Every structure is written in structure tokens, then in C-alpha cells.
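Thank you for making time this morning. I would like to walk you through one model, so please have the sequence and the structure open while I talk.

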Amino acid sequence: MKISEALKEAYEILKENNMDTYMLDAQVLLAHALKKDKLFLTLNREIELDENTQELFFSYIEERREMKPIKYITKECEFMGLDFYVEEGVLIPRPDTEILVEEVLKRINSRGYEQVCDVCCGSGAIGLSLAHHGDIKTVELVDISDIALKVSRINSEKLGLNNMVTISEGDLLNNFVESEIKFDCIVSNPPYIESSVIDELMSDVKDYEPHLALDGGEDGLVFYRKITSQSKELLRDGGMLAFEIGYNQKESVSEILIQNGFKNIETFKDLGDNDRVVIGYL
């Protein structure tokens, strides 16, 4: 089977499943199976696929037909210009989260913050991006999920950041409260979806992405309350707490920070004009 023939068959399979991105999805998955880029497909449509590649490609197509996210199939995700490894069990990094990283980076560099902590680190995308792009001495990544810790360690190694990054298992910031470690900056993209809304999410999210990383309790604010309360004990004077938030949580999260003594609250929108980031200072 030629590349053109394989793509045509894959288009039909995915199109029947009412996928708007069926062409792009098929091209990405064939390029991944071939370990080539999409341009290679365009320039070599008459090349014959060997049996193993063909079989691998259509196994990917079957996974995608079942609505498995592309990035879980390829185990790759680009974030902040870096290539991250991802797998089922960690949240797929979103472009919206880059707004959080960009705003935190500006303040890390301008304020001279050197010790940073990424709580609920998942794949490590936030903390490792800050370590890579920022002028920082140390970054602590913490998560309660064994899979998240494994994936973060893979990414830290992959990006050559092991000399400045520490990754540890923990329930939010409990370990640091007990050891009285201090930070200049704490950043988090915690679970923030209301429990009752989880089943209403798109099937590729609710069926594949970890509910542990999505479910923020009855009102979606459980983790903001806990992390904020702990952060005021762990941040140095002038330290910063930065959150990603849901589109409708700006006022609630800002109020949580204010109630815990944080000042100069700043909020930022994502590229879709939705409220996405809240930052406060001690």
C-alpha cells in the first residue's frame, strides 16, 4: 500500500466517525509511524509502506477512531517550544497554560526569584519550562500521582534539567510545610473542574485524561483553597503564587488569595479571551 492509499483509507475511517480533523489526524499519525514529518508525506505519496509500518499506522488509526487523543497515541506534546513526553495518566499540556508560564517567567526574571515550586506538576510541563527558560537556581516538582512523577522524571532527563530540578511525591505542599522549606514562587495548574461537570466533558477528555487532574471538587475550588493556605506559610516575603484557573473562576480565586493575605492580585486572559491566570504576592 502506498502512502497516498494508506492516507485515503485512514481518512475514510476517521471521517465516518465524524471527526472534523480526520485529514490532519491521519497525516500526523502516519508521519509518526514513519518517524518522518508531514512534508515527507506530501513529497513521497507514491512510496510503498512496509507491512510493519502499515500495521502500526492502522493500529494508531483505530485508537484515534475510539477518540483517544493524538498526543497519547504519539506520546509527544510540544509546549513552550519544548518537546515533552506524555502518556495516559497525565494531563496533556494545553496552549492556554503557556500564558501562565509566560507571565510567571516575566516576574521570575524581573524580581530575581530563584527557588520555584510547581504543585500538581503532571507531565512537568510548567516547572520544567520555567527551569529551561528562566534564570532560576532550583525548581521543585511535586505530585501525588506515580505516573505523573514517572513522566516528569522522563522529561527532566530528556531536557537535561536534572541538575536543578527535584521531583518528589507529595499531597500538595504538605511535605514542604513539615520541612519548613521556603520558596520565592509557587505555581500550579490544579484540578479545577466541578465534579458534576466531568461527565459533560468531550469524550476524548473524560474517557482518557486522568480525573485526578481534572476534578476540583464540588465547586472546583478545593485545591485553590488548600494550595493558597499552604503557600502563605512557604513563600518568602514578596513571594508570588500563580494559578491557572477555569474561565469562570477569576473572582473566586482572586478572593481566596485576598483572604489569605495576598496582595496586588493580577489576572490574565488566554488567546480565546477567557480568564486563565491569577497571580498574587505576599
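Predicted model: local features only at pLDDT ≥ 70, side-chain atom pairs only at ≥ 80, totals over all residues.

Residues are numbered from 1 along each chain as its sequence is written, and side-chain values use heavy atoms, with hydrogens and water left out.

Val139 has its place in strand 4; helices (H or I, at least four residues) and strands (E, at least two) are DSSP runs, numbered from the N terminus. If we leave aside the neighbours within four places in sequence, Val139 is in contact with Val116, Gly127, Ala131, Met164, Val165 and Thr166, where contact means heavy atoms within 4.5 Å. Val139 and Ala242, for their part, are 103 residues apart in sequence and 15 Å apart in space, C-alpha to C-alpha.

Now to the sheet. Strands of a sheet pair through backbone hydrogen bonds, either parallel or antiparallel, and two strands are taken to pair if DSSP finds at least two bridges between them. In this model there is an open sheet of seven strands, in the order 5-4-3-6-7-9-8, with mixed pairing. Its edge strands are strand 5 and strand 8, residues 263–269, each of which pairs on one side only. Neighbouring strands of this sheet are turned by 15 degrees against each other on average, direction ignored; for angles in general, axes are lines fitted to C-alpha atoms, for helices over the stretch in contact, and the angles run from 0 to 180 degrees between N-to-C directions.

Please look next at strand 9, where seven of its seven residues are buried. Strand 9 is joined to strand 8 by five bridges, and the two run antiparallel; Glu266 stands opposite Ile279, and Thr267 stands opposite Val278. The hairpin of strand 8 and strand 9 has five residues between the strands, and there Asp273 takes a positive phi near 70 degrees. Five bridges also join strand 7 to strand 9, again antiparallel, and the bridge partner of Met240 in strand 9 is Tyr281.

Which strands does helix 6 lie across? Helix 6 lies across strand 3, strand 6, strand 7, strand 8 and strand 9, running at about 165 degrees to strand 7. Helix 8, residues 146–158, lies across strand 4 and strand 5, at about 165 degrees to strand 5.

Helix 6 also meets helix 7: their axes come within 10 Å and cross at roughly 40 degrees. The two helices are therefore oblique to each other, given that angles under 35 degrees count as roughly parallel, over 145 as roughly antiparallel, 65 to 115 as roughly perpendicular and the rest as oblique. Their crossing is right-handed, a term used if the near helix is turned clockwise from the far one by less than a right angle, left-handed being anticlockwise. Among the residues that meet here are Leu100 and Val104 in helix 6, and Ile126 and Leu130 in helix 7. Helix 7 is mostly covered, with seven of its nine residues buried.

This brings us to the largest nonpolar core, which has 35 residues, those with the most contacts inside it being Val104, Val116, Leu130, Val165 and Val187; such a core is a set of buried Ala, Val, Leu, Ile, Met, Phe, Trp, Tyr and Cys residues joined through side-chain atoms within 4.5 Å. Its largest share, six residues, comes from helix 6. Leaving aside neighbours within four places in sequence, Val104 is in contact with Leu130, Cys185, Val187, Met240 and Ala242. Apart from this core lies another, of 26 residues, among them Leu172, Ile186, Leu235 and Ile256.

Finally, the axes of helix 11 and helix 12 come within 9 Å and cross at roughly 25 degrees, which makes helix 11 roughly parallel to helix 12. Tyr224, Arg225 and Thr228 in helix 11 meet Val253, Ile256 and Leu257 in helix 12.

Conventions. Buried < 20%, exposed > 50% of the residue type's maximum accessible area, 1.4 Å probe, protein only.
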